[in-house]
Amino acid sequence: MKIKKIRIKDREVGDGCPAFIIAEAGVNHNGSLKLANKLVEAAKAAGADAVKFQTFKTEELVTRRAPQAEYQKKNAKAKSQFEMLRKLELLESEFREIFKYCRKKKIIFLSTPFDQKSAQFLNGLGVPAFKIGSGDITNIPLLKTVAGFGKPVILSSGMSTMAEVEDAVKTIYNSGNRKLILLHCTSNYPADMNDVNLRAMNTLRDKFKVPIGYSDHTKGIEMSLAAVAMGACVIEKHFTLSKKMKGPDHKASIEQREFSKLVQNTRMIEKAFGNGIKKPAFSEKRIMDIARKSVVSTRKIKKGEQITLAMLTVKRPGTGIKPKDMNKVLGKKAAKIIGKNEILLWKYLK
């Protein structure tokens, strides 16, 4: 079954298309519009197709006593998750400014809604697609709302079982939306290599017959590149202006220079994919005669002498009779004097 491509603004996403690379700015703006716009600039300069933020209303997202994850406790100075998120929350007016700035810089704006009001706001803002984080894969009400907008849905599947992914997919499809991209993900910051399980990405593709990708929370860019080589249509990677900045996600992110390498290496890998047809490359034809071998005489052969195996060997270059045809040479007679160590041609035989 051919997997249908998904269009996000002016980009097609799916098998055979260049990987859609998302710079996950998330909350790495630290609650500052100025930093958010700098992230847009850096993402564009790095070659990302889209820059993605996180849109939420703290009161709608967490209770006041919701605990922090260990990495949040370590990297963000706050007494609770509520306090941490409050400092990172951007106003709707600020998101409008970021949206306009992305349009000016010609990079696709995306943002993950974490609550119903934020989803409604982003739809009204005009986002071309919705990215749903792993934490909301079981949030059926939010999935119904987002799917109901009729726009492409990019769904991360960290922390989930196959049954939970199936429920989420059914919810989106039952809302009349078939524009779905599934991302494999390991929800830890940073994710341990032993927990990455990249093969699960292709399990999702085989099961649901949709474009698949990888939301990478590991250190470095190696796992993203491995995912591209395995067929990822989308790569999402956390992105920061500096890993030294204070905040929950900076240390698990990469900076512009490393993100540029991710984009450049991805495009190199894609060039190497080819069309799958096994045939000599044009560049190989120039060295084929040099690297391959021919049937060569081991001694002087008189005119009219019958050719035996003892008279023959195989040596470079490959400009004469091919070694695979040596048996066809045996028993024939020399049509001329053939010198020792001479490459045999068919016209030399009769």
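# Legends to the close-up views

**View 1. Lys-237 counts as buried, at 1% relative accessibility.** Buried stands for a relative accessible area under 20%, exposed for over 50% and partly exposed for values in between, computed with a 1.4 Å probe on protein chains only. The model is predicted: local features need pLDDT of at least 70, side-chain atom pairs count only at pLDDT 80 or more, and totals for chains, interfaces and linings use all residues. Residues are numbered from 1 along each chain as its sequence is written, and side-chain values use heavy atoms, with hydrogens and water left out. Strand β10, residues 234-238, contains Lys-237. Helices (DSSP runs of H or I, at least four residues) and strands (runs of E, at least two) are numbered from the N terminus. Contact, for which "touches" is also used, means heavy atoms within 4.5 Å. Leaving aside residues up to four places away in sequence, Lys-237 touches Ile-22, Ala-23, Glu-24, Asp-216, Thr-218, Lys-219, Gly-220, Ser-224, Ile-254, Phe-259 and Leu-262.

**View 2. The largest nonpolar core has 62 residues.** A nonpolar core is a set of buried Ala, Val, Leu, Ile, Met, Phe, Trp, Tyr and Cys residues joined through side-chain atoms within 4.5 Å. The members that touch the most others are Phe-53, Ile-98, Phe-109, Leu-155, Leu-182 and Phe-259. Helix α1 (residues 33-46) supplies the largest share of this core, six residues. Among the residues that Phe-259 touches, not counting those up to four places away in sequence, are Ile-21, Ala-46, Ala-48, Lys-237 and Phe-239. Another core, of 14 residues, lies apart from the largest one and includes Ile-6, Leu-183, Cys-233 and Val-234.

**View 3. The structure holds six aromatic pairs.** Rings of Phe, Tyr and Trp (its six-membered ring) pair if their centres lie within 6.5 Å; planes under 30 degrees apart count as stacked, over 60 as edge-to-face and the rest as tilted. The pair of Phe-56 and Phe-114 is edge-to-face, because the ring centres are 6.3 Å apart and the planes stand at 85°. Phe-56 lies in the loop between β4 (50-55) and α2 (58-61), and Phe-114 in the loop between β5 (108-113) and α6 (116-125), so this pair ties together parts 58 residues apart in sequence. Phe-56 is buried at 4% relative accessible area, whereas Phe-114 is partly exposed at 23%. Phe-95 and Phe-121 form a tilted pair, with 6.4 Å from centre to centre and 55° between the planes. Phe-95 in helix α5 (residues 92-105) and Phe-121 in helix α6 are 26 residues apart, and their pair links distant parts of the chain. Both of these residues, Phe-95 and Phe-121, are buried. Phe-53, Phe-99 and Phe-109 form one aromatic cluster.

**View 4. Thr-58 is part of helix α2.** Its relative accessible area is 0%, so Thr-58 is buried. Beyond residues up to four places away in sequence, Thr-58 touches Phe-82, Leu-85, Arg-86 and Glu-89.

**View 5. The count of disulfides is zero.** A disulfide is taken as a pair of cysteine sulfur atoms within 2.5 Å. Cys-17 is in no disulfide, and the nearest cysteine sulfur, in Cys-233, is 7.3 Å away. Cys-17 is buried, with a relative accessible area of 17%. For Cys-185 the closest cysteine sulfur is also that of Cys-233, at 17 Å, too far for a bond. Cys-185 is buried at 5% relative accessibility.

**View 6. Charged side-chain ends sit over the rings of Tyr-173 and Tyr-348.** The rule is that NZ of Lys or CZ of Arg is within 6 Å of the ring centre and within 35 degrees of the ring normal. The charged end of Arg-178 is 3.6 Å from the ring centre of Tyr-173. The corresponding distance from Lys-336 to the ring centre of Tyr-348 is 4.4 Å.

**View 7. Lys-300 is in the loop between β11 (294-297) and β12 (312-315).** This lysine is exposed, with a relative accessible area of 53%. Lys-300 and Lys-336 are 11 Å apart C-alpha to C-alpha and 36 residues apart in sequence. Residues up to four places away in sequence aside, Lys-300 touches Glu-305, Ile-337, Ile-338, Gly-339 and Lys-340.

**View 8. The domain assignment gives domain 1 (8-273) and domain 2 (282-348).** Such bounds come from an automatic or database domain assignment. Taken over C-alpha atoms, the centres of domain 1 and domain 2 are 63 Å apart.
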